[in-house]
Amino acid sequence: MAGKGSAGVFVVLAAIGISLLGRNKKALKMRVAGILILWFVLEGFIHLSSSASILPAELLDYAKAGGGGGLIGAGITIILLCTLGLTGTYIVLVILAIIG
């Protein structure tokens, strides 16, 4: 259920921990938000690129089997695919990666 992006949890926690060393609280909130956005985008990309199908039921089954970006990646991918289609999903993920 965790998927390939589960190792990213440790990276995210380490980055947040390093960010806590800073003194500026407003900048800290922005850094943490950016790190989390990038992690969610990475989960979506991992799930989208490793799955052979774009059907929501198959994406969810793939995540439950431990593939792709896990349930988080599947959730992000399914929501974006159902609302924006495949091309729109890639565009939104790229834009979010640039923002993050």
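Biologist: Which order do the secondary structure elements of the protein follow from the N terminus on?

Modeller: The secondary structure of this predicted model comes to four helices and zero strands. Read from the N terminus on, the elements of the protein therefore follow one another, with helices as defined by DSSP runs, in the order α-α-α-α.

Biologist: What share of the contacts between residues at least 6 apart in sequence joins residues at least 24 apart?

Modeller: A contact here stands for heavy atoms within 4.5 Å, and the pairs considered are those between residues at least 6 apart in sequence. Among these contacts in the protein, the share that joins residues at least 24 apart is 60%.

Biologist: How much of the accessible surface of the protein belongs to carbon and sulfur atoms, and what percentage of the residues count as buried?

Modeller: The accessible surface of the protein comes to about 6000 Å², and carbon and sulfur atoms hold 75% of that area. Burial is judged residue by residue, with under 20% relative accessible area as the limit, and of the 100 residues of the protein the percentage that counts as buried is 32%.

Biologist: Why does L59 count as buried, and what is its relative accessible area?

Modeller: L59 lies in helix α3, and, leaving aside its neighbours within four places in sequence, L59 is in contact with H47, S51, S53, I54, A74, T77, I78 and L81. The limit for a buried residue is under 20% relative accessible area, and L59 counts as buried because its relative accessible area is 0%.

Biologist: What separation do the C-alpha atoms of I78 and L59 have?

Modeller: I78 lies in helix α4 and is buried, with a relative accessible area of 17%. Not counting residues up to four places away in sequence, I78 touches P56, L59 and L60, and the C-alpha atoms of I78 and L60, 18 residues apart along the chain, are separated by 8.2 Å. For I78 and L59, which are 19 residues apart along the chain, the C-alpha separation is 7.4 Å.

Biologist: How far does the backbone oxygen of L80 lie from a polar atom of the side chain of T89?

Modeller: T89 lies in helix α4, and at 1% relative accessibility T89 counts as buried. Not counting residues up to four places away in sequence, T89 touches L48, L80, L81 and L84. The backbone oxygen of L80 lies from a polar atom of the T89 side chain at a distance of 3.3 Å.

Biologist: Which residues is V41 in contact with, leaving aside its neighbours within four places in sequence?

Modeller: V41 is found in helix α2 and counts as buried at 4% relative accessibility. V41 and G69 are 28 residues apart in sequence and 9.8 Å apart in space, C-alpha to C-alpha. Leaving aside its neighbours within four places in sequence, V41 is in contact with L93, L96 and A97.

Biologist: Is L42 buried or partly exposed?

Modeller: L42 is found in helix α2, and the C-alpha atoms of L42 and V94, 52 residues apart along the chain, are separated by 9.9 Å. Since the range for this class runs between 20% and 50%, L42, at 45% relative accessibility, counts as partly exposed.

Biologist: What area does the nonpolar surface patch made by I91, I95, L96 and I99 have?

Modeller: One of the residues of this patch, I99, lies in helix α4 (residues 70–99). I99 is exposed, with a relative accessible area of 59%. Together, I91, I95, L96 and I99 make a nonpolar surface patch of about 360 Å².

Technical notes: Residues are numbered from 1 along each chain as its sequence is written. This is a predicted model: local features need pLDDT of at least 70, side-chain atom pairs count only at pLDDT 80 or more; totals for chains, interfaces and linings use all residues. Side-chain values use heavy atoms; hydrogens and water are left out. Patches are made of residues with over 30% relative accessible area and no salt bridge: like charges are joined within 9 Å, nonpolar side chains (Val, Leu, Ile, Met, Phe, Trp, Tyr) within 5 Å. Accessible areas come from the Shrake-Rupley method with a 1.4 Å probe; for residues, only the protein chains shown count as cover. A salt bridge is a side-chain nitrogen of Lys or Arg within 4 Å of a carboxyl oxygen of Asp or Glu. Helices (H or I, at least four residues) and strands (E, at least two) are DSSP runs, numbered from the N terminus. Buried means under 20% relative accessible area, exposed over 50%, partly exposed in between (1.4 Å probe, protein chains only). A polar contact is a pair of N or O atoms within 3.5 Å; within protein, one must be able to donate a hydrogen and the other to accept it, and residues adjacent in sequence count only if both atoms are side-chain atoms.
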